[in-house]
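Me: I am new to reading protein models. Can you walk me through strands, sheets and salt bridges?

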Amino acid sequence: TLADILAKAITASVSANSKTYDGTTAGTGSVTLNGVVAGDAVGTSGTTFTFADKNAGTGKTVSVSGTALTGTDAGNYTLSVPASTLADILAKAITASVSANSKTYDGTTAGTGSVTLNGVVAGDAVGTSGTTFTFADKNAGTGKTVSVSGTALTGTDAGNYTLSVPASTLADILAKAITASVSANSKTYDGTTAGTGSVTLNGVVAGDAVGTSGTTFTFADKNAGTGKTVSVSGTALTGADAGNYTLSVPASTLADILRRLVSITADNQNKVEGSADPQLTFTVTSGSLVAGDSFSGSLSRESGEAPAIYEITIGTLSAGDNYTLEFNPGLLTIVPDNSNAERVEVPVIFRSVPLPGSSGTGPQNSQSSVTIERNALCSSETEECATE
(Lines give C-alpha, C1' and ligand atoms only; values in the text may rest on other atoms or scores of the structure.)
Protein backbone atom coordinates (compact mmCIF):
# COMPACT_ATOMS: atom_id res chain seq x y z
CA THR A 1 0.00 0.00 0.00
CA LEU A 2 1.08 3.56 -0.12
CA ALA A 3 1.40 6.15 2.55
CA ASP A 4 3.06 9.54 3.07
CA ILE A 5 5.85 10.61 5.38
CA LEU A 6 5.15 14.25 5.96
CA ALA A 7 8.02 16.67 6.44
CA LYS A 8 8.50 17.58 10.04
CA ALA A 9 7.78 21.18 10.95
CA ILE A 10 10.60 22.61 12.99
CA THR A 11 11.45 26.07 14.27
CA ALA A 12 14.53 28.15 14.47
CA SER A 13 15.73 30.35 17.30
CA VAL A 14 17.66 33.40 16.05
CA SER A 15 20.11 35.65 17.86
CA ALA A 16 21.53 38.86 16.34
CA ASN A 17 24.93 40.06 17.47
CA SER A 18 25.31 43.57 18.82
CA LYS A 19 27.95 45.56 16.93
CA THR A 20 29.90 48.80 16.97
CA TYR A 21 28.58 51.47 14.67
CA ASP A 22 29.99 51.09 11.19
CA GLY A 23 27.61 53.22 9.17
CA THR A 24 25.66 50.25 7.77
CA THR A 25 22.59 48.22 8.74
CA ALA A 26 24.35 44.92 8.13
CA GLY A 27 24.28 42.57 11.09
CA THR A 28 25.38 39.11 12.05
CA GLY A 29 23.85 36.43 14.20
CA SER A 30 23.12 32.78 14.59
CA VAL A 31 20.27 30.37 13.86
CA THR A 32 19.53 27.39 16.09
CA LEU A 33 17.17 24.67 14.82
CA ASN A 34 14.68 23.22 17.22
CA GLY A 35 13.08 19.70 16.72
CA VAL A 36 15.58 18.09 14.39
CA VAL A 37 15.62 14.28 14.78
CA ALA A 38 18.74 13.18 16.49
CA GLY A 39 21.39 12.11 14.07
CA ASP A 40 19.94 13.96 11.11
CA ALA A 41 22.23 16.10 9.07
CA VAL A 42 20.35 19.37 8.94
CA GLY A 43 21.62 22.91 9.07
CA THR A 44 20.82 26.37 7.72
CA SER A 45 22.33 28.86 5.33
CA GLY A 46 21.54 32.19 3.74
CA THR A 47 20.28 33.93 6.83
CA THR A 48 20.58 37.73 6.67
CA PHE A 49 20.45 39.96 9.73
CA THR A 50 19.59 43.58 8.98
CA PHE A 51 19.25 46.41 11.52
CA ALA A 52 16.30 48.71 11.06
CA ASP A 53 18.75 51.61 10.55
CA LYS A 54 22.45 52.25 10.77
CA ASN A 55 22.44 54.42 13.87
CA ALA A 56 23.76 53.52 17.28
CA GLY A 57 21.18 52.46 19.81
CA THR A 58 20.13 49.69 22.18
CA GLY A 59 17.43 47.05 21.63
CA LYS A 60 17.27 47.79 17.95
CA THR A 61 15.12 45.65 15.68
CA VAL A 62 17.08 43.30 13.46
CA SER A 63 15.14 41.69 10.64
CA VAL A 64 15.96 38.07 9.84
CA SER A 65 15.53 36.71 6.36
CA GLY A 66 16.74 34.22 3.77
CA THR A 67 17.18 31.24 6.03
CA ALA A 68 17.18 27.90 4.22
CA LEU A 69 17.66 24.36 5.48
CA THR A 70 20.76 22.52 4.34
CA GLY A 71 22.12 19.05 4.78
CA THR A 72 21.20 15.52 3.56
CA ASP A 73 18.15 15.40 5.77
CA ALA A 74 16.92 18.90 5.08
CA GLY A 75 14.12 17.67 2.85
CA ASN A 76 12.56 16.00 5.80
CA TYR A 77 11.78 19.30 7.47
CA THR A 78 9.89 22.50 7.07
CA LEU A 79 11.25 25.50 8.90
CA SER A 80 9.64 28.42 10.70
CA VAL A 81 12.03 31.32 11.41
CA PRO A 82 11.24 34.49 13.47
CA ALA A 83 11.04 37.57 11.28
CA SER A 84 13.19 39.66 13.61
CA THR A 85 15.14 39.89 16.79
CA LEU A 86 16.84 42.59 18.84
CA ALA A 87 20.41 43.75 19.17
CA ASP A 88 22.45 46.88 19.88
CA ILE A 89 24.57 49.17 17.74
CA LEU A 90 27.24 50.63 19.99
CA ALA A 91 28.56 54.15 19.44
CA LYS A 92 31.98 54.09 17.84
CA ALA A 93 34.81 55.44 19.97
CA ILE A 94 36.91 57.88 18.00
CA THR A 95 39.76 60.20 18.88
CA ALA A 96 40.66 63.78 18.06
CA SER A 97 44.02 65.22 17.18
CA VAL A 98 44.40 68.81 18.37
CA SER A 99 46.77 71.52 17.19
CA ALA A 100 47.08 74.92 18.88
CA ASN A 101 48.19 77.86 16.77
CA SER A 102 51.19 79.89 17.86
CA LYS A 103 50.38 83.57 18.27
CA THR A 104 51.95 86.96 18.79
CA TYR A 105 51.79 88.25 22.35
CA ASP A 106 48.54 90.10 23.00
CA GLY A 107 48.41 90.17 26.79
CA THR A 108 45.85 87.35 27.08
CA THR A 109 45.91 83.55 27.45
CA ALA A 110 43.32 83.05 24.70
CA GLY A 111 44.41 80.74 21.93
CA THR A 112 43.11 79.21 18.73
CA GLY A 113 43.62 75.88 17.07
CA SER A 114 42.06 73.03 15.18
CA VAL A 115 40.54 69.63 15.94
CA THR A 116 40.86 66.69 13.56
CA LEU A 117 38.64 63.61 14.07
CA ASN A 118 40.17 60.18 13.61
CA GLY A 119 38.06 57.09 12.78
CA VAL A 120 34.90 58.66 11.40
CA VAL A 121 33.09 56.43 8.92
CA ALA A 122 33.49 57.67 5.36
CA GLY A 123 30.59 59.83 4.28
CA ASP A 124 29.35 60.60 7.79
CA ALA A 125 28.49 64.18 8.69
CA VAL A 126 30.44 64.70 11.90
CA GLY A 127 32.36 67.71 13.15
CA THR A 128 33.22 69.50 16.38
CA SER A 129 32.40 72.76 18.11
CA GLY A 130 33.04 74.56 21.37
CA THR A 131 36.74 73.79 21.65
CA THR A 132 38.64 76.31 23.78
CA PHE A 133 42.41 76.67 23.60
CA THR A 134 43.97 78.38 26.63
CA PHE A 135 47.66 79.10 27.18
CA ALA A 136 49.02 78.40 30.66
CA ASP A 137 49.90 82.11 31.00
CA LYS A 138 49.96 85.24 28.85
CA ASN A 139 53.73 85.60 28.50
CA ALA A 140 55.84 85.06 25.40
CA GLY A 141 57.67 81.74 25.21
CA THR A 142 58.18 78.60 23.15
CA GLY A 143 56.61 75.17 23.70
CA LYS A 144 53.99 76.55 26.07
CA THR A 145 51.24 74.29 27.38
CA VAL A 146 47.83 74.98 25.87
CA SER A 147 44.85 73.37 27.59
CA VAL A 148 42.07 72.04 25.35
CA SER A 149 38.50 71.86 26.60
CA GLY A 150 34.82 72.05 25.65
CA THR A 151 34.97 69.96 22.46
CA ALA A 152 31.62 68.52 21.40
CA LEU A 153 30.64 66.45 18.35
CA THR A 154 28.27 68.03 15.86
CA GLY A 155 26.52 66.91 12.70
CA THR A 156 23.74 64.50 11.82
CA ASP A 157 25.88 61.45 12.55
CA ALA A 158 27.43 62.77 15.78
CA GLY A 159 25.27 60.49 17.95
CA ASN A 160 27.00 57.43 16.52
CA TYR A 161 30.34 58.30 18.11
CA THR A 162 32.04 58.87 21.41
CA LEU A 163 35.02 61.21 21.40
CA SER A 164 38.32 61.26 23.27
CA VAL A 165 40.21 64.59 23.11
CA PRO A 166 43.73 65.31 24.45
CA ALA A 167 43.65 67.58 27.50
CA SER A 168 46.47 69.78 26.20
CA THR A 169 48.94 70.50 23.44
CA LEU A 170 51.88 72.86 22.86
CA ALA A 171 52.31 76.16 21.02
CA ASP A 172 54.38 79.34 21.12
CA ILE A 173 53.60 82.92 22.10
CA LEU A 174 55.87 85.13 20.02
CA ALA A 175 57.20 88.41 21.41
CA LYS A 176 55.36 91.39 19.95
CA ALA A 177 57.44 93.69 17.76
CA ILE A 178 56.98 97.32 18.78
CA THR A 179 58.62 100.59 17.76
CA ALA A 180 59.89 103.65 19.58
CA SER A 181 59.54 107.31 18.65
CA VAL A 182 62.54 109.35 19.79
CA SER A 183 62.85 113.09 20.36
CA ALA A 184 66.15 114.83 21.15
CA ASN A 185 66.09 118.06 23.13
CA SER A 186 67.78 121.13 21.70
CA LYS A 187 70.42 122.57 24.04
CA THR A 188 72.68 125.56 24.51
CA TYR A 189 76.30 125.06 23.46
CA ASP A 190 78.28 123.51 26.30
CA GLY A 191 81.35 122.23 24.50
CA THR A 192 80.20 118.58 24.49
CA THR A 193 78.25 116.28 22.18
CA ALA A 194 76.13 114.94 25.04
CA GLY A 195 72.40 115.28 24.50
CA THR A 196 69.13 114.44 26.19
CA GLY A 197 65.77 113.37 24.88
CA SER A 198 62.78 111.12 25.32
CA VAL A 199 61.63 107.74 24.05
CA THR A 200 57.96 106.92 23.44
CA LEU A 201 56.87 103.31 22.90
CA ASN A 202 54.28 102.51 20.23
CA GLY A 203 52.14 99.33 20.27
CA VAL A 204 52.38 98.29 23.92
CA VAL A 205 49.34 96.30 25.07
CA ALA A 206 47.10 98.39 27.34
CA GLY A 207 47.91 97.87 31.00
CA ASP A 208 51.36 96.35 30.47
CA ALA A 209 54.27 97.57 32.58
CA VAL A 210 56.88 98.43 29.96
CA GLY A 211 59.36 101.30 29.77
CA THR A 212 62.87 102.02 28.52
CA SER A 213 66.27 102.79 29.99
CA GLY A 214 69.84 103.32 28.87
CA THR A 215 69.12 105.55 25.88
CA THR A 216 72.04 107.78 24.90
CA PHE A 217 71.59 110.88 22.71
CA THR A 218 74.81 112.09 21.07
CA PHE A 219 75.18 115.09 18.74
CA ALA A 220 77.34 114.57 15.65
CA ASP A 221 79.70 117.30 16.92
CA LYS A 222 79.82 119.85 19.72
CA ASN A 223 79.28 123.00 17.64
CA ALA A 224 76.21 125.23 17.52
CA GLY A 225 73.86 124.67 14.60
CA THR A 226 70.31 123.84 13.61
CA GLY A 227 68.90 120.48 12.49
CA LYS A 228 71.94 118.60 13.74
CA THR A 229 72.04 114.81 13.63
CA VAL A 230 71.71 113.20 17.05
CA SER A 231 72.53 109.49 17.23
CA VAL A 232 70.35 107.34 19.48
CA SER A 233 71.73 104.18 21.08
CA GLY A 234 71.58 101.85 24.08
CA THR A 235 67.81 101.69 24.49
CA ALA A 236 66.58 98.67 26.45
CA LEU A 237 63.09 97.64 27.50
CA THR A 238 62.31 97.57 31.22
CA GLY A 239 59.35 96.57 33.35
CA ALA A 240 57.52 93.41 34.35
CA ASP A 241 56.19 92.83 30.82
CA ALA A 242 59.35 93.78 28.89
CA GLY A 243 60.10 90.18 27.92
CA ASN A 244 56.95 90.05 25.82
CA TYR A 245 58.26 92.59 23.30
CA THR A 246 61.03 93.22 20.81
CA LEU A 247 61.92 96.86 20.15
CA SER A 248 62.95 98.79 17.05
CA VAL A 249 64.47 102.23 17.73
CA PRO A 250 65.45 104.87 15.12
CA ALA A 251 69.22 105.23 14.86
CA SER A 252 69.10 109.04 14.89
CA THR A 253 66.96 112.15 15.10
CA LEU A 254 67.50 115.93 14.78
CA ALA A 255 67.91 118.76 17.26
CA ASP A 256 69.64 122.15 17.59
CA ILE A 257 72.64 123.37 19.55
CA LEU A 258 71.94 127.02 20.35
CA ARG A 259 74.68 129.63 20.59
CA ARG A 260 75.75 130.40 24.16
CA LEU A 261 74.86 133.94 25.24
CA VAL A 262 77.56 135.94 27.03
CA SER A 263 77.05 139.57 28.04
CA ILE A 264 80.10 141.83 28.30
CA THR A 265 80.52 145.47 29.23
CA ALA A 266 83.47 147.59 28.09
CA ASP A 267 85.32 149.17 31.02
CA ASN A 268 85.33 152.98 31.01
CA GLN A 269 88.80 154.49 30.44
CA ASN A 270 90.55 157.89 30.65
CA LYS A 271 93.65 159.38 29.14
CA VAL A 272 95.40 162.75 28.79
CA GLU A 273 95.36 164.41 25.45
CA GLY A 274 98.30 163.32 23.34
CA SER A 275 99.10 160.20 25.34
CA ALA A 276 98.75 156.61 24.11
CA ASP A 277 95.40 154.90 24.47
CA PRO A 278 95.09 152.68 27.54
CA GLN A 279 94.38 148.98 27.06
CA LEU A 280 90.69 148.61 26.34
CA THR A 281 89.31 145.99 28.69
CA PHE A 282 85.89 144.52 29.42
CA THR A 283 84.00 142.67 32.13
CA VAL A 284 81.77 139.59 31.64
CA THR A 285 78.51 140.63 33.25
CA SER A 286 76.47 137.47 32.60
CA GLY A 287 77.08 134.04 31.13
CA SER A 288 80.45 132.40 30.75
CA LEU A 289 82.75 130.71 28.29
CA VAL A 290 83.02 126.92 28.27
CA ALA A 291 86.25 125.69 29.80
CA GLY A 292 88.94 125.71 27.14
CA ASP A 293 87.24 128.38 25.01
CA SER A 294 88.60 131.94 24.88
CA PHE A 295 87.98 135.39 23.43
CA SER A 296 89.88 136.57 20.38
CA GLY A 297 90.28 140.01 18.81
CA SER A 298 90.05 143.29 20.68
CA LEU A 299 87.81 146.22 21.49
CA SER A 300 87.99 149.45 19.51
CA ARG A 301 86.86 153.04 19.96
CA GLU A 302 85.60 155.96 18.01
CA SER A 303 88.43 157.82 16.31
CA GLY A 304 89.67 161.18 17.54
CA GLU A 305 92.38 162.65 19.80
CA ALA A 306 90.88 165.96 20.87
CA PRO A 307 89.66 166.23 24.43
CA ALA A 308 86.19 164.65 24.33
CA ILE A 309 84.27 161.50 25.23
CA TYR A 310 84.51 158.60 22.78
CA GLU A 311 82.47 155.37 22.66
CA ILE A 312 84.32 152.09 23.15
CA THR A 313 82.98 149.56 20.61
CA ILE A 314 83.19 145.80 20.27
CA GLY A 315 85.75 146.02 17.48
CA THR A 316 86.97 142.54 16.48
CA LEU A 317 86.29 140.93 19.83
CA SER A 318 84.76 137.46 19.37
CA ALA A 319 84.27 134.21 21.27
CA GLY A 320 83.70 132.18 18.10
CA ASP A 321 80.68 130.85 16.23
CA ASN A 322 79.36 128.98 19.25
CA TYR A 323 78.62 132.21 21.12
CA THR A 324 76.40 135.24 20.84
CA LEU A 325 78.03 138.27 22.48
CA GLU A 326 75.73 140.87 23.97
CA PHE A 327 77.90 144.00 24.11
CA ASN A 328 77.45 147.05 26.30
CA PRO A 329 79.76 149.88 25.11
CA GLY A 330 82.00 151.89 27.44
CA LEU A 331 83.44 155.41 27.27
CA LEU A 332 86.97 156.74 26.74
CA THR A 333 87.42 160.26 28.10
CA ILE A 334 90.33 162.36 26.75
CA VAL A 335 91.18 165.28 29.06
CA PRO A 336 93.25 168.36 28.11
CA ASP A 337 96.96 168.30 28.76
CA ASN A 338 97.71 171.37 31.00
CA SER A 339 101.21 170.35 32.01
CA ASN A 340 102.89 172.85 29.59
CA ALA A 341 100.80 175.98 30.37
CA GLU A 342 103.03 179.15 30.24
CA ARG A 343 103.57 180.93 33.59
CA VAL A 344 104.50 184.75 33.57
CA GLU A 345 104.92 187.52 36.09
CA VAL A 346 103.51 190.80 34.78
CA PRO A 347 102.24 193.94 36.37
CA VAL A 348 98.60 194.27 35.70
CA ILE A 349 95.75 196.50 36.58
CA PHE A 350 92.99 194.23 37.93
CA ARG A 351 89.50 194.88 36.92
CA SER A 352 86.50 193.34 38.43
CA VAL A 353 86.71 190.19 36.27
CA PRO A 354 85.82 186.94 38.01
CA LEU A 355 88.58 184.40 37.75
CA PRO A 356 87.96 180.74 37.21
CA GLY A 357 86.95 179.14 40.45
CA SER A 358 86.43 182.52 42.18
CA SER A 359 83.86 185.28 42.46
CA GLY A 360 83.74 188.97 43.44
CA THR A 361 86.24 191.85 42.78
CA GLY A 362 89.46 193.10 44.31
CA PRO A 363 90.98 196.66 44.69
CA GLN A 364 92.92 198.17 41.84
CA ASN A 365 96.57 198.50 42.83
CA SER A 366 99.20 199.25 40.21
CA GLN A 367 101.89 198.21 42.64
CA SER A 368 100.64 194.67 43.03
CA SER A 369 101.97 191.68 41.11
CA VAL A 370 100.78 188.01 40.96
CA THR A 371 101.61 184.92 39.06
CA ILE A 372 98.56 183.69 37.07
CA GLU A 373 97.72 181.45 34.19
CA ARG A 374 97.98 183.39 30.95
CA ASN A 375 94.56 182.40 29.83
CA ALA A 376 93.18 184.22 32.89
CA LEU A 377 94.72 187.58 31.91
CA CYS A 378 92.83 190.64 30.83
CA SER A 379 94.69 193.50 29.10
CA SER A 380 94.47 196.93 30.75
CA GLU A 381 94.68 198.53 27.40
CA THR A 382 92.13 196.49 25.51
CA GLU A 383 90.01 195.43 28.43
CA GLU A 384 89.74 192.08 26.71
CA CYS A 385 90.62 188.79 28.34
CA ALA A 386 93.41 186.81 26.71
CA THR A 387 92.33 183.81 24.66
CA GLU A 388 95.66 182.07 24.57
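Me: Is Lys228 buried or exposed?
Reply: Buried means under 20% relative accessible area, exposed over 50%, and partly exposed in between (1.4 Å probe, protein chains only). Lys228 has 12% relative accessibility, so Lys228 counts as buried. A word on the source: this is a predicted model, where local features need pLDDT of at least 70 and side-chain atom pairs count only at pLDDT 80 or more, while totals for chains, interfaces and linings use all residues. Residues are numbered from 1 along each chain as its sequence is written, and side-chain values use heavy atoms, with hydrogens and water left out.

Me: Which residue forms a salt bridge with Lys228?
Reply: A salt bridge is a side-chain nitrogen of Lys or Arg within 4 Å of a carboxyl oxygen of Asp or Glu. Here the partner is Asp221, with the closest N and O atoms 2.7 Å apart. Asp221 counts as partly exposed because its relative accessibility is 31%.

Me: Which strands pair around there?
Reply: First, the terms. Strands (E, at least two residues) and helices (H or I, at least four) are DSSP runs, numbered from the N terminus. Two strands pair if DSSP finds at least two bridges between them. Strand β26 (residues 216-219) pairs with strand β27 (residues 225-233) in the antiparallel sense, over 4 bridges. The two form a hairpin, with 5 residues between them. Phe219 stands opposite Val230 in β27.

Me: What else does β27 join?
Reply: Strand β30 (residues 252-258). These two run antiparallel and share 5 bridges. Ser231 has Ser252 in β30 as its bridge partner.

Me: How do side chains sit along a strand?
Reply: In a regular strand the side chains alternate between the two faces of the sheet.

Me: What is the order of strands in the open sheet of 3 strands?
Reply: The order is β24-β21-β29, with mixed pairing. β24 (197-202) and β29 (245-248) stand at the edges, each with a single partner strand, so one side of each has no neighbour in the sheet. Neighbouring strands here are turned by 30° against each other on average, direction ignored. For such angles, axes are lines fitted to C-alpha atoms, for helices over the stretch in contact, and angles run from 0 to 180 degrees between N-to-C directions. Within the sheet, strand β21 (residues 176-184) and β24 run antiparallel, joined by 6 bridges. Ala184 has Gly197 in β24 as its bridge partner.

Me: What order does the open sheet of 5 strands have?
Reply: Read it as β2-β10-β7-β6-β3, again with mixed pairing. The edges are β2 (19-20) and β3 (26-27); each has a single partner strand, so one side of each is left without a neighbour. Inside, β6 and β7 pair in the antiparallel sense over 4 bridges. Phe51 has Val62 in β7 as its bridge partner.

Me: How many salt bridges does the structure hold?
Reply: It holds 14. One of them joins the side chains of Lys54 and Asp157, at 3.5 Å, N to O. This pair links distant parts of the chain, 103 residues apart: Lys54 lies in the loop between β6 (48-51) and β7 (57-65), and Asp157 in the loop between β18 (152-154) and β19 (161-164). Lys54 is partly exposed at 25%, whereas Asp157 is buried at 8%.

Me: Which residues are linked in a network of salt bridges?
Reply: Lys271, Asp277, Arg301 and Glu305. Glu305 and Arg301 form a salt bridge, with the closest N and O atoms 2.7 Å apart. Glu305 is partly exposed, at 43% relative accessible area. Arg301 is buried, at 13%.
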